[in-house]
Number of protein chains: 2
Amino acid sequence: MKIAGKPYRTIWPRGDEAVEVIDQTRLPHEFATLALRAPEDCARAIKTMIVRGAPLIGATAAYGIAFAMRAEPSSKALVAAHDMLLATRPTAVNLRWALKRMHDVLHAASHGERFTLAWREAAAICDEDVEICHSIGVHGLKLFREMAAKKNGAPLNILTHCNAGWLACIDWGTATSPIYQAHDAGIPVHVWVDETRPRNQGASLTAYELGQHGVPHTIIADNAGGHYMQAGRVDLCIVGTDRVTKNGDVANKIGTYLKALAAKDNNVPFYVALPSPTIDWTLASGASIPIEERSADEVLKMTGRLPGGGVATVEIAAPGSPAANPGFDVTPARLVKGFITERGVCAAKEEGLRSLFPE
Amino acid sequence: MKIAGKPYRTIWPRGDEAVEVIDQTRLPHEFATLALRAPEDCARAIKTMIVRGAPLIGATAAYGIAFAMRAEPSSKALVAAHDMLLATRPTAVNLRWALKRMHDVLHAASHGERFTLAWREAAAICDEDVEICHSIGVHGLKLFREMAAKKNGAPLNILTHCNAGWLACIDWGTATSPIYQAHDAGIPVHVWVDETRPRNQGASLTAYELGQHGVPHTIIADNAGGHYMQAGRVDLCIVGTDRVTKNGDVANKIGTYLKALAAKDNNVPFYVALPSPTIDWTLASGASIPIEERSADEVLKMTGRLPGGGVATVEIAAPGSPAANPGFDVTPARLVKGFITERGVCAAKEEGLRSLFPE
């Protein structure tokens with residue numbers, strides 16, 4: 001998608017020396033890109049959330065494996081890079097999926113061809129993600145079109161949580177893909193953007209990318225979505241996910257569960273945009289998903305632009321008070337109206353998932 | 001309660017010239033007090049949230065009427081001050097209640113005695129609030145004691161939203177009164193403090209006052225409470241309220257509804273600490289409560305302490321993105337386990353309220 005009129009992906013090769021990424025920790029205050037050249041660079045970028053979002057994490061880890069193979073194409077180095085990258089974030093399943101895919105391609109290959117194969121595979125992971133996200137948008141657009149038809153020209157009000165936008169993917173985004181496609185097709189849409197504390201990915205990333213693309217939107221505190229649903233001002237919710245288990249439970253950014261409860265209570269359909277690599281067929285239910293505990297500083301401090309220019313981080317809470325910071329929660333399948341996948345829309349249960357992904 | 005070891009109320013007379021209040025917009029970064037001497041001072045303090053919390057707003061407005069009567073004890077001045085003060089905040093019912101009480105006492109009195117009567121009545125409103133809050137604590141303590149007995153010495157985990165602490169009242173607080181009394185009685189308690197975006201009254205005020213009193217607590221993002229309830233780490237929720245309608249619907253800080261939904265979904269009892277002046281017997285249900293729309297700046301900016309000292313306000317969201325900021329939501333009575341009032345605990349329905357307040 002575009003930033004200031006220029007088309008970007010979130011990760012792109014610079015020759016076969018490096019990959020460049022957008023430094024998402026500096027958005028929306030500054031736009032800057034960063035070159036990654038080694039597996040350690042990739043691990044650090046994932047861990048510090050320079051790159052974030054399940055698909056982009058997977059792609060960055062894949063390039064991390066490629067860099068490891070350039071430095072030393074041994075099986076020992078392959079396993080070491082795999083393990084280091086896997087340890088960066090515990091919740092997203094795409095990371096594990098991408099690393100396994102790289103390992104499967106490389107472990108039987110000769111040392112001499114490993115780097116070339118790895119580089120090609122990482123690029124393929126990126127291109128496939130773009131395809132998947134685009135297809136999610138095509139299927140979601142059909143739904144949006146039906147719902148918009150009942151609104152007599154009034155904008156379709158869509159609530160989203162966190163950033164499941166193109167900045168979380170390679171392009172298009174998952175939850176945002178139908179939004180962009182609806183907007184581009186001339187369907188009037190308006191997005192309620194949950195701020196998404198504590199890291200504010202909604203206010204800083206989703207609002208940023210919707211604004212750059214010209215999609216009407218309004219930032220709201222995470223607390224406000226339930227009220228707007230009660231008031232009939234939300235037509236549907238759509239979010240991304242970091243992991244969906246076999247039974248349809250959805251791990252996503254902390255607070256997603258609260259919005260799903262409010263949607264259920266107010267008969268607002270709650271959709272999850274789900275690229276198939278995010279399905280974890282090995283877990284029976286969400287109860288076994290590990291939930292990442294992140295730094296208390298994310299709750300206690302906030303970064304923003306000073307009135308006179310420049311960016312500063314301020315301490316916002318009562319001095320000396322401790323904080324806790326679980327990164328994700330699990331929304332039970334019973335609260336989810338449907339999954340919008342690259343193969344179509346299905347019910348949030350095992351039969352639904354198997355109907356689209358029988359293999 | 002105490003700040004740095006010294007006992008305070010939130011509002012106290014200085015002779016009969018002025019009242020002093022704690023400037024709550026500067027907490028938790030700075031502790032400062034401020035003198036109010038005129039009805040306009042009181043209106044401004046309420047509007048800009050130098051004073052906030054339903055009971056404290058009512059008390060401040062009562063002193064505003066007294067200042068008006070000192071300046072000019074006419075009925076015209078009485079009505080003018082009443083209307084100006086009533087217009088400051090639309091949601092809290094205590095404001096209307098306190099202003100009506102002042103008006104009822106004064107309108108039949110002679111001009112000569114109006115100021116003295118008004119000053120005395122405002123002080124009585126404060127003293128009665130302290131009594132009410134203390135009694136809420138006594139009744140809540142019984143409940144807490146029963147629940148704590150089932151925990152085999154482990155701390156009772158209590159989640160609260162916004163600040164219904166002594167800073168919102170005159171002393172003790174509403175939701176915090178049983179917490180302080182349980183803590184003082186040696187019952188181990190731990191409080192999950194919702195940050196409460198966008199004004200962060202939880203992270204800045206509730207955490208501050210609990211910390212000053214030595215009550216163990218942890219600040220969490222508003223998004224996190226549902227996850228902790230799913231994980232069995234919340235034993236009960238208790239919140240304050242700005243207005244309860246006849247049928248038991250509860251207007252409170254935006255986001256309360258989401259926590260009540262999560263409590264219901266996880267069988268966590270959800271209590272509302274309810275001083276009787278907060279009951280609005282004139283409204284049949286929460287659907288008719290006016291919801292205050294506050295400034296977008298509260299969502300888009302954040303104030304905190306700079307690393308080098310000093311306090312700064314930073315812009316945190318994507319530049320140019322608009323925000324919306326409803327201040328309150330309505331929690332339906334069906335989600336509330338009970339009201340803890342100064343006369344005891346009752347069910348969240350009209351019969352429950354009438355059983356304690358038959359008059």
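Student: How many residues does the contact take from chain B and from chain A?
Tutor: The contact, meaning heavy atoms within 4.5 Å, takes 63 residues from chain B and 63 residues from chain A. This is a predicted model, in which local features need pLDDT of at least 70, side-chain atom pairs count only at pLDDT 80 or more, and totals for chains, interfaces and linings use all residues. Residues are numbered from 1 along each chain as its sequence is written, chains are lettered from A and ligands numbered from 1 in the order in which they are written, and side-chain values use heavy atoms, with hydrogens and water left out.

Student: What area is buried between chain B and chain A?
Tutor: About 4600 Å², of which carbon and sulfur atoms give 58%. Buried area is the accessible area (1.4 Å probe) that two parts lose on being put together, summed over both.

Student: Which residues of chain B lose the most area to chain A?
Tutor: B:Asn223, B:Leu258 and B:Arg305 do, together giving 16% of what that side buries.

Student: How many salt bridges are there across the interface of chain B and chain A?
Tutor: The rule, a side-chain nitrogen of Lys or Arg within 4 Å of a carboxyl oxygen of Asp or Glu, finds four salt bridges across this interface. B:Arg334 forms a salt bridge with A:Asp265, with the closest N and O atoms 3.0 Å apart.

Student: Which element gives the most to the side of chain B that touches chain A?
Tutor: H9(B) does, with six residues. Helix H9 spans 256-265 of chain B; helices (H or I, at least four residues) and strands (E, at least two) are DSSP runs, numbered from the N terminus. By class, that side of chain B has 35 nonpolar, 18 polar and ten charged residues. Here Ala, Val, Leu, Ile, Met, Phe, Trp, Tyr, Cys and Pro count as nonpolar, Asp, Glu, Lys and Arg as charged, and the others, Gly among them, as polar.

Student: Now within one chain: how is chain A divided?
Tutor: Chain A has domain 1 (2-128) and domain 2 (150-356), with bounds that come from an automatic or database domain assignment. The centres of the two domains, taken over C-alpha atoms, are separated by 24 Å. Their contact takes 33 residues from domain 1 and 32 residues from domain 2.

Student: What do the two domains of chain A bury between them?
Tutor: They bury about 2800 Å², 57% of it on carbon and sulfur atoms. On the domain 1 side, A:His29, A:Arg52 and A:Thr91 lose the most area to domain 2, together 23% of what that side buries.

Student: How many salt bridges are there between these domains?
Tutor: The count is two salt bridges. A:Asp280 forms a salt bridge with A:Arg96, with the closest N and O atoms 3.2 Å apart.
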